[in-house]
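Subject: Handover of a structure and the findings

Dear colleague,

Please find below the structure that I am handing over to you. I would ask you to look through it first and then to read the notes that follow.

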Amino acid sequence: WEFNGSFYQPSAFLMMGIPGLEALHHWISIPFCALYLVALLGNCMILFIIKRTQSLHEPMYYFLSMLAVTDLGLVLCTLPTTLGLFWFNMRRIGFDACLTQMYFIHILSFIESSVLLAMAFDRFIAISHPLRHPSILTKTTVIKIGLAILLRGVVSLLPTPFLLKRLTYCGKIELSHSFCFHPDIMNLACADIKVNIFYGMVILLSTVGMDFIFIVLSYILIIKTVVGLATKAECLKALNTCVSHICAVLVFFIPMIGLSMIHRFGKDFPPLVNTLVAYTYLIIPPALNPIIYSIKSSHIREALLRALCRKSG
């Protein structure tokens with residue numbers, strides 16, 4: 001413990017694995033390793049295919065590249081501490097290291113939310129204004145959107161580590177997960193955390209909350225446009241281009257909203273539920289997104305088959 005008058009701050013926190021199943025951590029690490037491997041290989045494959053295939057140099061696939069980079073970042077943020085705990089029982093994480101990990105996890109989560117919104121906007125323009133789509137979403141515009149997304153995530157969350165660092169901690173140093181999460185650290189403090197709660201809620205609602213609302217509005221407008229199409233075949237073709245994105249949105253937002261609600265209002269929930277939702281939120285989307293887009297996007301599927309044929313030949 002670091003002592004400074006009446007101010008106490010732990011030198012480190014202790015991370016938790018899956019409560020009640022500590023003896024099985026070595027076995028539990030197997031599916032985690034598989035998910036991490038799928039996430040790393042799948043997202044690298046998406047980036048490689050988009051870079052190598054000239055026909056995929058379009059706004060939709062530029063945004064998909066941003067999503068893949070964000071997913072890789074999320075995986076690399078949690079992989080060392082999660083597998084370190086499961087394999088070697090390395091529970092200790094330094095206070096500043098914990099705040100750094102937390103900052104990047106939250107930034108990348110907010111960036112993923114914003115990228116999904118940008119992809120919804122791209123689908124709306126492509127379906128509602130197909131002729132104007134290339135002129136509206138130029139390469140320069142996509143780069144500007146990407147920089148704006150990055151800047152929003154970095155700036156909006158910049159005060160968070162400092163808000164946690166000013167708090168006094170008094171005894172409890174066990175986190176609920178094998179990674180650092182803002183509400184989890186905040187709840188270990190014995191000081192007044194109203195500012196942290198208020199700031200966290202405001203930022204969450206003004207970023208991820210607004211992104212989700214605008215994604216829903218985008219799809220309302222898309223459905224309105226699709227309903228006005230002449231034939232049922234055209235209607236289904238237009239909607240089919242959105243299926244992958246809808247799956248990615250559901251896979252990301254459902255666990256994220258669930259985890260936020262549990263941390264803020266679900267203190268009576270069993271710890272196991274909290275832990276499973278947290279792992280679902282941070283590990284499942286990066287692993288599933290490449291699979292979803294590889295299955296549903298014929299362009300990516302064809303490019304992947306061409307790349308495999310070239311290698312085998």
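How many aromatic pairs does a search of the whole structure find? The search finds 13. Please bear in mind throughout that the model is a predicted one.

A pair of aromatic rings is described by two values, the distance between the centres and the angle between the planes. One of the pairs joins Tyr 103 and Phe 104, with 5.7 Å from centre to centre and 70 degrees between the planes. Planes over 60 degrees apart count as edge-to-face, so the pair of Tyr 103 and Phe 104 is edge-to-face. Tyr 103 has a relative accessibility of 13% and counts as buried, because the limit for that word is under 20%. Phe 104, with a relative accessible area of 42%, is partly exposed.

Another pair is formed by Phe 212 and Phe 253, whose ring centres are 5.1 Å apart and whose planes make an angle of 50 degrees; this pair is tilted. Phe 212 belongs to helix 8 (residues 194–227) and Phe 253 to helix 10 (residues 243–265), so that the pair links distant parts of the chain, 41 residues apart. Is Phe 253 buried or exposed? Phe 253 is buried, with a relative accessible area of 2%, whereas Phe 212, at 33%, counts as partly exposed. Both rings also belong to a cluster, in which ring pairs link Phe 181, Phe 212, Phe 252, Phe 253 and Tyr 281.

I turn next to the chain as a whole. It contains twelve helices and four strands. A compact globule of 313 residues would have a radius of gyration near 20 Å, and the value of 21 Å for the chain agrees with this. The C-alpha trace spans about 70 × 45 × 35 Å along its principal axes. Of the 313 residues, 48% are buried. Among contacts with a separation of 6 or more, 80% are between residues 24 or more positions apart.

The accessible surface of the chain is about 15,700 Å², and carbon and sulfur atoms account for 73% of it. There are 23 positive and 14 negative side chains, and 9 Å lies between the centres of the two sets.

Asn 274 is located in helix 11 and is buried, with a relative accessible area of 13%.

Leu 288 also lies in helix 11 (residues 271–296). Its relative accessible area is 33%, and Leu 288 is therefore partly exposed. Leu 288 and Phe 181 are 107 residues apart along the chain, and 22 Å separates their C-alpha atoms.

Cys 242 sits in the loop between helix 9 (232–240) and helix 10. At 1% relative accessibility, Cys 242 counts as buried. Apart from neighbours within four places in sequence, Cys 242 is in contact with Arg 123, Ile 127, Tyr 219 and Ile 222. Gly 153 is 89 residues away from Cys 242 along the chain, and the C-alpha atoms of these two residues are separated by 25 Å.

Yours sincerely

Definitions and conventions
Residues are numbered from 1 along each chain as its sequence is written. Side-chain values use heavy atoms; hydrogens and water are left out. Helices (H or I, at least four residues) and strands (E, at least two) are DSSP runs, numbered from the N terminus. The radius of gyration is taken over C-alpha atoms; the globule rule is 2.2 Å times the number of residues to the power 0.38. Buried means under 20% relative accessible area, exposed over 50%, partly exposed in between (1.4 Å probe, protein chains only). Contact means heavy atoms within 4.5 Å. Accessible areas come from the Shrake-Rupley method with a 1.4 Å probe; for residues, only the protein chains shown count as cover. Lys and Arg count as positive and Asp and Glu as negative; His and the chain ends are not counted. The place of a charge is taken as NZ of Lys, CZ of Arg, CG of Asp or CD of Glu. Rings of Phe, Tyr and Trp (its six-membered ring) pair if their centres lie within 6.5 Å; planes under 30 degrees apart count as stacked, over 60 as edge-to-face and the rest as tilted.
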